[in-house]
Amino acid sequence: MSDNRISVAKTYKLYVDGKFPRSESGRTYPVTDSKGTFLANAAHASRKDVRDAVVAARKAFGGWSGATAYNRGQVLYRVAEMMEGRREQFVAEVAASEGLPSRKAQSVVDAAVDRWVWYAGWTDKIATVLGAANPVAGPYFSFTVPEPTGVVGVLAPQESSLLGLVSVVAPVLATGCTAVVVSSAERPLPAITLSEVLATSDVPAGVVNVLTGRAGELGPWLASHGDVNAIDPTGAGPVGRVEIAREAAGTVKRVLAVPEDEPDWTQRPDIARLRRYLEPKTVWHPMGV
Amino acid sequence: MSTWEYAPAPESREIANLKPSYRPFIGGEFVDGSGEPLKSVNPATEEVLAEVGTASASDVDAAVKAARKAYDKTWRRMPGTERAKYLFRIARLIQERSRELAVLETLDNGKPIKESRDADVPTAAAHFFYHAGWADKLEYAGFGPDPQPLGVAGQIIPWNFPLLMLAWKIAPALATGNTVVLKPAETTPLTALVFAEICQQADLPPGVVNIVPGAGDIGAELVNHAGIDKIAFTGSTDVGKLIQRSVAGTPKRLTLELGGKAANVVFDDAPLDQAVEGIVNGIFYNQGHVCCAGSRLLAQESVVDELLEKLRYRVSTLRLGDPLDKNTDIGAINSAEQLTKIRELTESGVAEGAERWTSPCPLPERGFFFAPTVFSNVEQSMRIAREEIFGPVLSVLTFRTPAEAVAKANNTPYGLSAGIWTEKGSRILWMANRLRAGVVWANTFNRFDPTAPFGGYQESGFGREGGRTGLEGYLDV
């Protein structure tokens, strides 16, 4: 390979319903590395893109929530496998986006891969941990199972472009919910590359939809959308989160309580995020002969 | 053949120990509230039962401060084993005074005495007994080794199950180490204020439980008070949305148990007589003033005629009248306002073309009563199929295939409960899996137990009450 070779640059687009469309608005915005050098033009998603993505996520919900937990676990593990194969690309993008030295970027990518593995193992255990057989005072069998809430709007962290993103998306998938994700606005490239991984990891089309753009612009549309059941306002920042919480009230959405500042994503998570995306369902049946 | 008539069998109202006036309970004392006193009315006779002092904004503030002080100085520091004993005491005191509470509840609410006596009051006691045991076992609840309480909980409850909703709110809050300020419903404050007496008899530390009667404005004061850490609300979806909006952007935690429009699905292989009992229980229990009422009957097309005939006959035998009579099945509608709402929605059903059948039972001359009503030929687009009526009105729709039943059942922004009637076990589990509702009753309906989590999907609210899951709403986890 010649040193003078002109490289083939990638066009970064949205990821909706398993495809990679441009924004219907035709808008793009320039993305730079941490030093201000131009990297690429990202699609600047619009309200219509949000609505298309919600339609795709709703369409995918039945199949994904109805898949066996074992199957979902294998798909999530497959995502980890495919990420591992693209390790160098992720390291380069994270290093450029977040201004990290290569070694640090490597450990971030490793942690992101490992996070998929962690959540992959939860898919067929969380119901055992959170469910129950209820010892009711009467001749009935009563049990409680946690079921996926539905379509989740995720405003991904603005700082941590890959590990933070995986940390907020993987639990949504592990529960059987589907996601409409708004990536970090300034650091969107790892999110699109992750979309390429998802597209080739047996994650069914529409289960994850990734929009690049502004959380402040798209978040309220997601929060007020009648077909979105829950929202993670992490990437909206403290001020934007208030508006999102207000908009969410119109349809009694579940709004994830998140810390004021981005947490240390390298810490091992607990099951709080899984709990938030699950609805306990209690079933009763009489016992008798 | 001679007909055997029922003789009147009224429970004595003397047992209620009705007092001429009741007062707010703040910091362990009954105090004169500075709000405008309200008169609580017996909906079965429209007579005034008692005058009830209400809280003002400053009383709410005093109650929140009393709860904060009790939280900081006493309750959060008390070992769980000791908190547990207070809750066990309360459970026992409710059991001891159960007849008094049942009669008082029936007078104030209008529900049949057999329901307050056999369901409301014993289940309220059971909630305290159940949660008492959790107080010193929270490290086993699955939320980590040392889950912490939230602080002061503001709790707002509806008028349909006054004492039982109080128990659902206060028992888990106290067990997990929180203190509470509870606002009972404007039309049914009496049993909550007798419960305050029970707290005194239990020697519960002052301020751990505060009761502030009042209308919606006092509820809003509570919701917006800066000293509150958590709001728990049971009531309408409209008010729930207002509350969710009010607490948006604050650190207050929120759980909501809101309205419903439950589908009760009857397949052609169901034992129809048994299903009819379940349908009647599902919609006419407590005059249909039940958020999880089975208000939409989905009947498989092949059995709808037979089912409707059996259903109408059974409903015509329901006894409507004096709630204190032990043979009464259907009591009074809780308020004139609610009666107006039921009438308005019922008229919309007729206007939109549904076929109305109403039980020919006689109505008492005084009081707020509404005869059990069944609408057939109901379309999904009609208001009576979409809106919560919260009264003894059933809407009957049909389906052909299980998939259609699921689609119709789930065609609602609500998601509180659902019912399934079929003899086929695999179909029950298939349906239960697909119905988007927090509680699914199969071959039964309206069963409640403190060990079984209760709560809704979607616009029926979030959070659960009861079971291990129910503790989550009162813990910082």
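How many helices and strands are there in chain A? Chain A has ten helices and ten strands; helices (H or I, at least four residues) and strands (E, at least two) are DSSP runs, numbered from the N terminus. The radius of gyration of chain A is 20 Å, close to the 19 Å that the globule rule gives for 289 residues, so chain A is as compact as a globular protein of that length. That radius is taken over C-alpha atoms, and the globule rule is 2.2 Å times the number of residues to the power 0.38.

This is a predicted model: local features need pLDDT of at least 70, side-chain atom pairs count only at pLDDT 80 or more, and totals for chains, interfaces and linings use all residues. Residues are numbered from 1 along each chain as its sequence is written, while chains are lettered from A and ligands numbered from 1 in the order in which they are written.

**Chain A overall**

- The C-alpha atoms of chain A fill a box of roughly 85 × 40 × 35 Å, taken along the principal axes.
- Of the 289 residues in chain A, 53% are buried. Buried means that 20 or more other C-beta atoms lie within 10 Å of the residue's own, with C-beta atoms placed from the backbone.
- Take the contacts in chain A with a separation of 6 or more: 75% of them join residues 24 or more positions apart. Two residues are in contact if their C-beta atoms, placed from the backbone, lie within 7 Å.

- S5(A) covers residues 151-155, and five of its five residues are buried.
- In a regular strand the side chains alternate between the two faces of the sheet.
- A:Val151, A:Gly153 and A:Leu155 point one way from S5(A), while A:Val152 and A:Val154 point the other way.
- S5(A) pairs in the parallel sense with strand S6 (residues 178-182) of chain A, over five bridges. Strands pair if DSSP finds at least two bridges between them.
- In S6(A), A:Thr178 stands opposite A:Val151.
- From S5(A) the chain crosses through helix H6 (residues 163-175) of chain A to S6(A), in a right-handed β-α-β crossover. Right-handed means that, with the strands pointing away from the viewer, the path from the first strand over the helix to the second runs clockwise.
- S5(A) also pairs with strand S8 (residues 230-232) of chain A, in the parallel sense over three bridges. Here A:Val152 stands opposite A:Ala230.

**Where chain A meets chain B**

- In chain A, 27 residues are in contact with 36 residues of chain B.
- S10(A) gives the most to the side of chain A that touches chain B, with eight residues.
- That side of chain A has 15 nonpolar, eight polar and four charged residues. Ala, Val, Leu, Ile, Met, Phe, Trp, Tyr, Cys and Pro count as nonpolar, Asp, Glu, Lys and Arg as charged, and the others, Gly among them, as polar.
- S10(A) pairs with strand S17 (residues 439-442) of chain B in the parallel sense, over three bridges. The bridge partner of A:Trp284 is B:Trp441 in S17(B).

**The domains of chain B**

- Chain B is assigned domain 1 (13-258 + 457-474) and domain 2 (263-442). These bounds come from an automatic or database domain assignment.
- The C-alpha centres of domain 1 and domain 2 of chain B lie 30 Å apart.
- In domain 1 of chain B, 21 residues are in contact with 25 residues of domain 2 of chain B.
- H4(B) gives the most to the side of domain 1 that touches domain 2, with three residues.

Methods: Buried ≥ 20, exposed ≤ 12 C-beta atoms within 10 Å, placed from the backbone.
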